[in-house]
Amino acid sequence: SKFNRATQALRQVGSAFKPFVYTAAIDRGYTPASVLMDEPSSFFAGPNQPLYTPGNYDRKFEGPITLRRALEQSRNVPAVRMMEQLGPKQVILYARRLGLESPLPPYLPVALGAAEATLLEKTTAYSVYPNQGVRMEPYPIQKVTDREGNVLEENRPEPKDAIRADTAFVITNLLRGVVQRGTATKANALDWPVGGKTGTTNDYTHAWFIGFD
């Protein structure tokens, strides 16, 4: 098949989108110790639309929890509440800066990964965190030469400042916690420092782990 599933297949992101929500939050003054509410909540979804009432995967609510725990345990309600407080357009702006180029509608369910992106977009975005906030534009071909060794084409990394280095440091630490204590503890089997985030969609149509060492 000529269909490249890494660069062409648009797939729902699931909870792998949540780090982008919390990146916007950390950049705007929140800390890993900030207290968020994990409680039954309903949100305005538009004229003549029923209220949007997200739940958690375990169908339970933990009440006041830290931002760190909300991300490590992938709690849905705090992520949506944070998206509402920051404004969907602001969160999407951060996702764009990190490298997501696919359509991202400014609606609250996007906080839980209702939008779609390619695998290359997501891995590019996650690479920003351990790279001190700098996004490197990926490229498939490094160099092309002719039979005499003359260089016909050569690509080099193109660094772009995406987020502040201190914000990237905090999110990297939070994503390490996801592996150490959260939903991605199975990645500890690698016996290597790893950070990342899980993400699932309805009926496990997609089950992600996106991360970095």
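Modeller: Glu137 has a relative accessible area of 25% and is partly exposed, a term for values between buried (under 20%) and exposed (over 50%), computed with a 1.4 Å probe on protein chains only. This is a predicted model, in which local features need pLDDT of at least 70 and side-chain atom pairs count only at pLDDT 80 or more, while totals for chains, interfaces and linings use all residues. Residues are numbered from 1 along each chain as its sequence is written, and side-chain values use heavy atoms, without hydrogens and water.

Lys160 is also partly exposed, at 39%. The side chains of Glu137 and Lys160 meet in a salt bridge, with 3.6 Å from N to O; the term requires a side-chain nitrogen of Lys or Arg within 4 Å of a carboxyl oxygen of Asp or Glu. Glu137 lies in the loop between β5 (134–136) and β6 (143–145), and Lys160 in strand β8 (residues 159–161), so the pair ties together parts 23 residues apart in sequence. Strands (E, at least two residues) and helices (H or I, at least four) are DSSP runs, numbered from the N terminus.

The structure holds 11 salt bridges. Another of them joins Asp58 and Arg75, whose closest N and O atoms are 2.9 Å apart. Asp58 is in the loop between β2 (35–38) and β3 (63–66), and Arg75 in the loop between α2 (67–72) and α3 (76–86), so this pair ties together parts 17 residues apart in sequence. Asp58 is partly exposed at 28%, whereas Arg75 is buried at 1%.

Arg164 bridges to Asp166, with 3.0 Å between the closest N and O atoms. Shared partners join Asp27, Arg164 and Asp166 into one network of salt bridges.
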